[in-house]
Amino acid sequence: MKFWLPAVAGVLWSGVGIALCVTACGWLLPTRWPVNAAGAALGFGSGVLVHRFGFSRIAGRNIDRIAAQPDKVCLFAFQAWRSYLLIVVMVILGYVLRHSHLPLPVLAVIYSAVGTGLVLSSTLYYRRLFK
């Protein structure tokens with residue numbers, strides 16, 4: 001079972017990241033040229049920083065913890081219990097942001113930054129899977 005934990009984590013991180021990026025692109029498409037180009041550049045560019053200084057560290061800790069697990073482990077052990085609390089906080093924050101009065105192009109920047117960070121960091125799980 002331990003072999004599959006990086007795969008499960010990678011697929012989940014990729015799936016959520018892609019969903020956030022697709023949502024962000026849907027919000028940016030109807031805007032005019034300079035706004036959508038600036039929003040995309042700022043959001044996806046910031047996502048590289050979110051990956052580098054945030055999510056890659058979390059993924060690295062998860063990968064190290066998975067490697068230290070016994071061979072038979074629960075499917076949900078791909079993340080530490082504290083990371084599940086982080087997920088709950090991020091879902092609540094996403095809900096609050098989505099229902100705030102922020103304009104959609106601003107939300108698109110935030111969603112694309114987080115989504116890009118998740119997708120880029122998910123590659124660390126895949127790399128571990130095929131090592």
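Which residues is serine 56 in contact with, leaving aside its neighbours within four places in sequence? Select serine 56 to begin: with those neighbours set aside, it is in contact with His51, Ser121 and Leu124, where contact means heavy atoms within 4.5 Å. Serine 56 has its place in helix H2, and it counts as buried because its relative accessibility is 16%, buried being under 20% relative accessible area, exposed over 50%, and partly exposed in between (1.4 Å probe, protein chains only).

Before going further, note that this is a predicted model, in which local features need pLDDT of at least 70 and side-chain atom pairs count only at pLDDT 80 or more, while totals for chains, interfaces and linings use all residues. Residues are numbered from 1 along each chain as its sequence is written, and side-chain values use heavy atoms, with hydrogens and water left out.

Now colour the protein chain by pLDDT, the predictor's confidence in each residue from 0 to 100. The average is 89, and 98% of the residues score at least 70.

In a cartoon view, the protein chain shows four helices and zero strands, taken as DSSP runs numbered from the N terminus (helices H or I, at least four residues; strands E, at least two). The C-alpha trace spans about 55 × 30 × 20 Å along its principal axes, and among contacts between residues at least 6 apart in sequence, 81% join residues at least 24 apart.

Next, select Trp13 and Tyr125, which touch the most other members of the largest nonpolar core, a set of 21 residues. Such a core consists of buried Ala, Val, Leu, Ile, Met, Phe, Trp, Tyr and Cys residues joined through side-chain atoms within 4.5 Å. Helix H1 (5-28), helix H2 (33-67) and H4 each supply at least two of its residues, and H1 gives the most, with seven. Not counting residues up to four places away in sequence, the residues that tryptophan 13 touches include Phe55, Ile58, Leu118 and Tyr125.

Finally, turn to the surface and select Tyrosine 95, which is found in helix H3 and is exposed, with a relative accessible area of 54%. Together with Val88, Ile92 and Val96, Tyr95 forms a nonpolar patch, for which residues need over 30% relative accessible area and no salt bridge, with like charges joined within 9 Å and nonpolar side chains (Val, Leu, Ile, Met, Phe, Trp, Tyr) within 5 Å; a salt bridge is a side-chain nitrogen of Lys or Arg within 4 Å of a carboxyl oxygen of Asp or Glu.

Note on methods
Accessible areas come from the Shrake-Rupley method with a 1.4 Å probe; for residues, only the protein chains shown count as cover.
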